[in-house]
Amino acid sequence: MADLAAEKGKNTREARNSLFSPFKMGRFDLAHRVVLAPMTRCRALEGVPNAALAEYYSQRSTPGGFLISEGTMVAPGSAGFPHVPGIYNDEQVEAWKKVVNAVHAKGGFIFCQLWHVGRASHPVYQPGGGAPVSSIEKPISSRWRILLPDGTYGKYPKPRALEASEIQQVVENYRTAAINAIRAGFDGIEIHGAHGYLIDQFLKDGINDRTDQYGGSIANRCRFLLQVVQAVVSAIGAGRVAVRISPAIDHLDATDSDPLALGLGVVDRLNNLQEINGSKLAYLHVTQPRYHAYGQTEPGRQGSEEEEAELVRRLRNLYNGTFMASGGFTRKLGMEAIQQGDADLVSFGRLFIANPDLVLRFRVDAKLNRYDRKTFYTRDPVVGYTDYPFLGEGTVNNDKPLSRL
């Protein structure tokens with residue numbers, strides 16, 4: 001009898017700690033832990049969401065499921081890819097409403113990821129053809145190439161370092177974008193502070209060599225991020241705000257001499273802000289070091305696998321709130337992360353591109369569609385975007401597979 005009771009307790013724990021178990025993320029009651037990661041798709045022609053985006057996000061919605069939008073421009077000049085959406089004017093807000101409504105109609109929740117690429121841009125994306133802004137004037141190395149509107153790849157140009165007096169306007173851009181996201185009906189926003197984009201360009205000492213109050217110490221390098229978080233929280237409330245970081249990722253030359261110290265410094269300061277505000281952020285989203293972009297066969301690593309695993313585990317243990325992990329997860333790795341307590345939620349990117357019904361496929365452990373990298377960043381509204389088949393079907397069907405959940 002004792003053995004039977006122990007086995008029953010074990011089964012109960014396993015059922016409770018699964019990719020498919022419910023989770024309360026602040027005010028949001030999620031039905032499962034499988035999250036759509038934010039992914040650039042280049043389908044919002046001239047920066048305005050359209051019907052293709054509504055279909056794409058609707059396809060990937062499930063009752064009680066959680067989605068994060070692709071990186072969304074907070075201001076003109078904040079883009080580094082063609083045809084990425086914005087959230088800084090009324091036309092964009094109205095267009096996003098149709099996308100958000102499509103997700104809500106399926107019973108899902110969706111956050112808008114607020115994005116400024118900083119130096120990871122090009123004059124072709126800048127109003128008036130000027131230089132992109134950054135924490136510094138050093139360009140991204142020739143190791144990396146930027147996708148241009150004509151489909152070719154070019155070199156990253158020399159950026160212009162933001163003056164300290166200009167930074168508050170950028171902070172205001174994030175605050176206004178957050179307000180616009182709520183106007184559009186989004187359930188909240190995620191601040192993109194990862195992957196070598198503007199906020200990460202301030203965080204990483206491999207990039208940031210400033211000598212003012214935004215450079216040098218970890219406290220100074222965190223200042224811009226914290227100002228953005230505080231501004232956005234004051235505008236829409238902490239429970240609707242999330243932050244994404246990647247202290248150990250070298251994407252776009254974003255290296256740091258001590259990723260663990262940086263990560264712990266960010267987390268400690270976010271915890272302090274939550275104590276001051278008296279309420280928690282929606283979640284902290286951390287990219288695993290195994291993440292890599294552009295189909296590289298080997299990700300850039302700053303330490304051993306053991307050191308990297310310990311880094312993420314230390315951040316998870318220190319952070320006082322919901323912890324989301326991303327970066328190279330499979331069904332098996334996602335299940336292990338939840339069961340071992342390494343994450344509360346797991347976001348999936350490329351697997352979700354090719355499998356609009358990924359939650360169902362994971363649940364029944366079905367075979368997955370293979371993604372086609374050549375169609376990741378095209379402007380085609382269908383091919384490589386909304387034409388991936390659902391389980392057991394040769395063509396896309398928005399309703400039948402989801403009704404089986």
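## Report on a predicted single-chain model

The secondary structure of this chain, in a predicted model, consists of 13 helices and 14 strands. Of its 405 residues, 57% are buried. The accessible surface amounts to about 16300 Å², and carbon and sulfur atoms account for 50% of that area. Where contacts link residues at least 6 apart in sequence, 73% of them join residues at least 24 apart.

### Confidence

The average pLDDT of the chain is 91, and 89% of the residues reach a score of at least 70. Among the elements of the chain, strand S5 (residues 109-115) has the highest mean pLDDT, 99, while helix H13 (residues 400-403) has the lowest, 34.

### Nonpolar cores

The largest nonpolar core comprises 88 residues, and the residues with the most contacts inside it are Tyr 57, Tyr 174, Ile 189, Ile 191 and Phe 224. Helix H7 (residues 223-236) supplies the largest share of this core, namely nine residues. Apart from this core lies another, of 17 residues, which includes Met 73, Val 84, Tyr 125 and Trp 144.

What surrounds Phe 224, once its neighbours within four places in sequence are left aside? Phe 224 is in contact with Ile 167, Val 170, Val 171, Tyr 174, Leu 198, Ile 199, Phe 202 and Tyr 214. One of these partners, Tyr 174, is itself listed among the residues with the most contacts inside the largest core.

Strand S10 (residues 188-193) is largely enclosed by the rest of the structure, because six of its six residues are buried. Gly 188, Glu 190 and His 192 point one way from S10, and Ile 189, Ile 191 and Gly 193 point the other way; all are buried. Ile 189 and Ile 191 also belong to the residues with the most contacts inside the largest nonpolar core.

S10 runs parallel to S5, and four bridges join the two strands. In this pairing, Gln 113 stands opposite Glu 190 of S10. S10 also pairs in the parallel sense with strand S11 (residues 241-245), over five bridges. There, Gly 193 has Ile 245 of S11 as its bridge partner.

### Two residues with positive phi

Most residues other than glycine have a negative phi. His 83 has a phi near 55°, a positive value in a residue other than glycine. Leu 252 is a further case, with a phi near 60°. His 83 is found in the loop between strand S4 (66-73) and helix H3 (90-105), and Leu 252 in the loop between S11 and helix H8 (259-277). His 83 is buried, because its relative accessible area of 18% falls under the 20% cut-off. Leu 252, at 0% relative accessibility, also counts as buried.

### Individual buried sites

The table gives the relative accessible area of three further residues.

| Residue | Relative accessible area |
|---|---|
| Ser 134 | 0% |
| Val 312 | 5% |
| Thr 386 | 5% |

Ser 134 lies in strand S6 (residues 133-134). Leaving aside its neighbours within four places in sequence, Ser 134 is in contact with Arg 119, Pro 159, Arg 160, Ala 161, Leu 162, Leu 198, Gln 201, Phe 202 and Arg 210. With one of these, Gln 201, the side chain of Ser 134 forms a side-chain polar contact of 2.7 Å. The C-alpha atom of Ser 134 is separated by 9.6 Å from that of Glu 163, which is 29 residues away along the chain. Leu 198 and Phe 202, both contacts of Ser 134, are also among the contacts of Phe 224.

Val 312 lies in helix H9 (residues 305-318). The C-alpha atoms of Val 312 and Gly 263 are 8.6 Å apart, although 49 residues separate them along the chain.

Thr 386 sits in the loop between helix H12 (358-364) and H13. Its side chain reaches the backbone oxygen of Pro 381 at 3.5 Å.

Note on methods: Residues numbered from 1 in each chain as written. Predicted model: local features only at pLDDT ≥ 70, side-chain atom pairs only at ≥ 80, totals over all residues. Heavy atoms only, no water. Buried < 20%, exposed > 50% of the residue type's maximum accessible area, 1.4 Å probe, protein only. Contact = heavy atoms within 4.5 Å. Areas by Shrake-Rupley, 256 points an atom, 1.4 Å probe, with all protein chains shown as cover. Core = buried A, V, L, I, M, F, W, Y, C linked by side-chain atoms within 4.5 Å. pLDDT = per-residue confidence, 0-100. Polar contact = N/O pair within 3.5 Å; in protein donor to acceptor, adjacent residues only side chain to side chain. Pairing = 2+ DSSP bridges.
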